[in-house]
Amino acid sequence: MPMRRALIAGNWKMFKTGAEAVDYVRDFLPRVAHAADREIMIAPAFTALEKTAEALAGSSVALGAQNLFWEAEGAFTGEVSPKMLAAAGCRYVIIGHSERRQHFGETNESVNRRVRAALQAGLKVVLCVGETERERSAGETFSVLDKQVRKGLKSFVASELDELVIAYEPVWAIGTGKTATREQAEEAHAFIRTLIANLFSAGMAAGLRILYGGSVKPENIAELMAMPDIDGALVGGASLNPEAFARIVLY
Ligand code: PEP
């Protein structure tokens, strides 16, 4: 089985100005200077990307964005293109986060267009999927994941998805303090990996990194990372504090 390098990613959501991001990075980098065996990514708001990129220069911490629009340029007021993100220093982009699906009308179809545009621009994608509490209670977890992955990756072939990461983020665990148990997370991750093997190839599935997201904290990261199909974490609230995020990185 190929080695999957752990990825710990911080989603700052709508927090931190450019100046606050620079202060954070100055505090954070020395704390994680010896974490070479794992990859770290930080996704600030659009307005803080360039300042964060400057502050991260020379470090191995990657910069990510929280969303993009699929067109390269044009009359799309308020939107940001893949090319603009790459020029701002981004290596990653988060796509289909549940907050975008819930509050901004993101659909599996629009997610698919975003994934394609991001990969074509040379960005690595963190594609977010996950069920709501109602869907879990109704026994629909796997059918929801199946649909989100299948439609989000519709019309791709395996060779186009080398730079794909999937984040399993149960909606009921995001920002709620309720973490999925490691068994619940592992079951969902294993389901996604098998689905990827069936849709694309066993080789792609074996190399695919699947992150867990949902109230990850310094106290619960180690038990999650001990599971065979959990290859990292997408961290919201706890990534806003450099000390807490460094403890998660160094679990
Ligand atoms: C997220 O924003 O992707 C997330 C998982 O948030 P939190 O860690 O705050 O639950």
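**Group meeting: aromatic pairs and a helix contact**

Hi everyone, let's start with Phe 69: at 12% relative accessibility, this residue counts as buried, where buried means under 20% relative accessible area, exposed over 50% and partly exposed in between, with a 1.4 Å probe and protein chains only. Before going on, a word on the source: this is a predicted model, in which local features need pLDDT of at least 70, side-chain atom pairs count only at pLDDT 80 or more, and totals for chains, interfaces and linings use all residues. Residues are numbered from 1 along each chain as its sequence is written, and side-chain values use heavy atoms, leaving out hydrogens and water.

Now, who sits around Phe 69? Ser 81 touches Phe 69, Glu 71 and Ala 72, leaving aside residues up to four places away in sequence; contact here means heavy atoms within 4.5 Å.

On to the rings. How many aromatic pairs does the count come to? The count is 7, with rings of Phe, Tyr and Trp (its six-membered ring) pairing if their centres lie within 6.5 Å; planes under 30 degrees apart count as stacked, over 60 as edge-to-face and the rest as tilted. Phe 28 and Phe 245 are a stacked pair, because their ring centres are 5.3 Å apart and their planes stand at 20°. Phe 28 belongs to helix α1 (residues 18-31) and Phe 245 to helix α11 (residues 242-249), so this pair ties together parts 217 residues apart in sequence. Both Phe 28 and Phe 245 are buried. Back at Phe 69, its ring forms a tilted pair with Phe 76, at 5.0 Å centre to centre and 50° between the planes. Phe 76 is partly exposed, with a relative accessible area of 36%. There is also one aromatic cluster, formed by Trp 12, Tyr 24, Phe 28 and Phe 245.

Last stop, two helices. Helix α7 (residues 141-152) and helix α8 (residues 182-199) pack at about 45°, their axes 10 Å apart; axes are lines fitted to C-alpha atoms, for helices over the stretch in contact, and angles run from 0 to 180 degrees between N-to-C directions.

How values were computed: Helices (H or I, at least four residues) and strands (E, at least two) are DSSP runs, numbered from the N terminus.
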